Amino acid sequence: MTSSLIERDLAVLWHPCSQMRDYRDFPPLPVVSAQGCRIHLADGRVILDAISSWWCKALGHAHPRLIAALEQQARAFEHVILANTTNEPIVRLCERLLAMANPPEPPEPPEPPEAKTGGATQQPVGCCVPCPSSAQNSIQRHFGKVFFADNGSTAVEIALKMALQAQAQRGQNRRTRFACLENGYHGETVGTLSVGDLGLYSDPYRALMFPALTIHNLPYRTGPDDPRWLDASAEWPAIQAQLDPLADELAAIIYEPVLQAAGGMRFYSPDLLARFRAWADAHGVYLIADEIASGFGRCGRMLAGQLGYGVQGTGYRSNNHNPPTAGFPTPYPVPRTHPDFLCLSKGLTAGVTPLSAVLTTNAVYDLFDADYSARKAFLHSNTYTGHALAIAVAHAVLDVFNEEDVLGHVATCGPFLHAGLRRLGDTRPYLHNFRACGMVAAVDLRQPDGSPLDPAWRTGYRVYQEAVRRGALLRPLGDTMYLFPPLNTQESDLQAMLDVLAGSLDAIFRP
Ligand SMILES: Cc1ncc(COP(=O)(O)O)c(C=O)c1O
């Protein structure tokens, strides 16, 4: 039965992000069911999903509360066009997402800004246009509106389009360019490839892409244990020197806050976000934060952009499991890191249904609010925008985060995962550059002297194949191996994933 399914598959199905020829030797895995971090195959094998099925299964497969929410909503209505209609669950979800994303309320008026050269609290200099994220937007209620779509790439495209149109509608027609980060990734549509930096995925389509400024020299760090985790001062002058020449032309800077997933599971200092905010405010440039992979608890907070905050929570249990963040005085002043546009997907529905959202400020929204004849409306539409089944699941996801203390689990089990991966390096000199934060841990396969392996050997791919044989889905990024399990994975399963990785490495690197 399995072999005939594979034959039929190879005859008709073109799989995503794959060289199809690879499947001739190593066929796709025939899935029949999945539960928690376990994927059950037609031939009886059980595979541990160590990468949360492309980073979306934040709560594992078939979480009963999410499935129940889906079923219950399906009995009421599954989808009605969102233009010209509304419903209570979608309005309430907007309210909940805004409450999650808005910065916590300060307990007392913030201290005067620190005198920190080029730093988070730097005063805007030479600001000739009103700041997009202006002070009149109170810090307590920064985000004010939510726009829905149905996948991550589209959310990013929406944010790019909104930023461009908003700049034009505030009289800044010259601001048509975007800055993005080295090793950045924002999706697979032409617009998102244009602001990404991964030639592997974008090179064939260069003729369709628009030019963007790619910022180099990022403050890469190994994670919160890195002594310079909250300090990007060494790298900032070189970054600012790249931005300054385009200060009058940029519509927005787009970035994945703290965690660059597809670009190799790299972490950079959260301090960079505060520096971007100060620079953008000074020059009238918007910030677009793509939290599609980093958000919904993956890095230990509901949003990775909140990592530099003090110990105050965001309404979600167990934010206070995070140790007070060194570097920024806690609990206040809070460094201003919040973007003008925040893109969410993946964890938003924990991978049960497609959904994405773009949160923005009322200041941005007001630029679109005019008589119809002024042609200022945001006329973007996707058929499935705000799909009711997905909205119901997103509510259940937020309930589970709250009631099952998901962030508390990440705070406890994340360090177990980090330490476990790090320990593998004690006896394996080809493992380099350990890095970890929240429920992500990554390591590079290299020569013992640290130089890269020959890509033609496809070492990461061979480790992946071995891991599947041994019972775990550990899809690498080139020669980077990483664990990105569901956030609620138990320690015993994390250990099983680490054991499979260790055994697979030993099998491939056997002298
Ligand atoms: C940071 C980031 N942005 C955008 C996307 C694109 O999302 P989607 O695959 O849903 O289009 C991804 C997907 O992995 C991502 O990691």
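How many helices and strands are there in the chain? I found 15 helices and 17 strands. I took helices (H or I, at least four residues) and strands (E, at least two) as DSSP runs, numbered from the N terminus.

The model is a predicted one: local features need pLDDT of at least 70, side-chain atom pairs count only at pLDDT 80 or more, and totals for chains, interfaces and linings use all residues. Residues are numbered from 1 along each chain as its sequence is written.

**Entry: whole chain**

I looked up burial. A residue is buried if 20 or more other C-beta atoms lie within 10 Å of its own, exposed if 12 or fewer, and partly exposed in between, with C-beta atoms placed from the backbone. Of the chain's 511 residues, 47% count as buried.

I then looked up contacts (C-beta atoms, placed from the backbone, within 7 Å). Taking contacts between residues at least 6 apart in sequence, I found that 74% join residues at least 24 apart.

**Entry: ligand shell**

Which residues are closest to the ligand? They are Gly152, Ser153, Gly187, Ile292 and Ala293, in a shell of 14 residues.

By class, the shell has 6 nonpolar, 6 polar and 2 charged residues. Here Ala, Val, Leu, Ile, Met, Phe, Trp, Tyr, Cys and Pro count as nonpolar, Asp, Glu, Lys and Arg as charged, and the others, Gly among them, as polar.

**Entry: helix α15**

I checked the length of α15 (residues 491–508). Its 18 residues reach 26 Å from first C-alpha to last, close to the 26 Å expected at 1.5 Å a residue. The expected span is 1.5 Å times one less than the number of residues.

Which residues of α15 are buried? I listed Asp493, Leu494, Met497, Leu498, Val500, Leu501, Ser504 and Leu505. Seen down the axis of α15, these buried residues fall within an arc of 155°, so they line one face of the helix. The arc is that of the directions from the helix axis to the C-beta atoms. Their cover includes β3 (46–49), α13 (406–424), α14 (459–470), β16 (472–473) and β17 (480–483).

**Entry: helix α13**

I moved on to α13. Its 19 residues should span 27 Å at 1.5 Å a residue, and the end C-alpha atoms are 26 Å apart, which agrees. The helix bends by about 30° at Cys413, and a proline, Pro415, follows within four residues. The bend at a residue is the angle between axes fitted to the seven residues ending there and the seven starting there.

Buried residues of α13 include Val406, Leu407, Cys413, Gly414 and His418. I found that the buried residues of α13 pack against α12 (388–403), β14 (431–437), β15 (440–445), β17 and α15.

Val410 lies in α13 and counts as buried because it has 27 C-beta neighbours inside 10 Å. Leaving out residues up to four places away in sequence, Val410 touches Gly297, Gly300, Gly438, Met439 and Leu487. The C-alpha atoms of Val410 and Thr489 are separated by 8.9 Å, at 79 residues apart along the chain.

Is Ala419, with its 12 C-beta neighbours inside 10 Å, buried or exposed? With that count, Ala419 is exposed, and it also lies in α13. Ala419 and Phe434 are 15 residues apart in sequence and 9.9 Å apart in space, C-alpha to C-alpha.

**Entry: loop residues**

I looked at Phe296, in the loop between β11 (286–290) and β12. Phe296 has 31 C-beta neighbours inside 10 Å and therefore counts as buried. Leaving aside neighbours within four places in sequence, Phe296 is in contact with Ala58, Met302, Gly347 and Leu348.

Leu453 sits in the loop between β15 and α14. Leu453 counts as partly exposed because it has 16 C-beta neighbours inside 10 Å. The C-alpha atoms of Leu453 and Asp479 are 7.8 Å apart, at 26 residues apart in sequence.

I also looked up positive phi values. Lys346, in the loop between β12 (341–344) and β13 (356–361), has phi near 40°, a positive value in a residue other than glycine. With 27 C-beta neighbours inside 10 Å, Lys346 counts as buried. Asn217, in the loop between β6 (213–215) and β7 (220–221), has a positive phi near 65°. With 14 C-beta neighbours inside 10 Å, Asn217 counts as partly exposed.

Conventions: A residue is near a molecule or strand if its C-beta atom, placed from the backbone, lies within 6 Å of it. Two residues are in contact if their C-beta atoms, placed from the backbone, lie within 7 Å.
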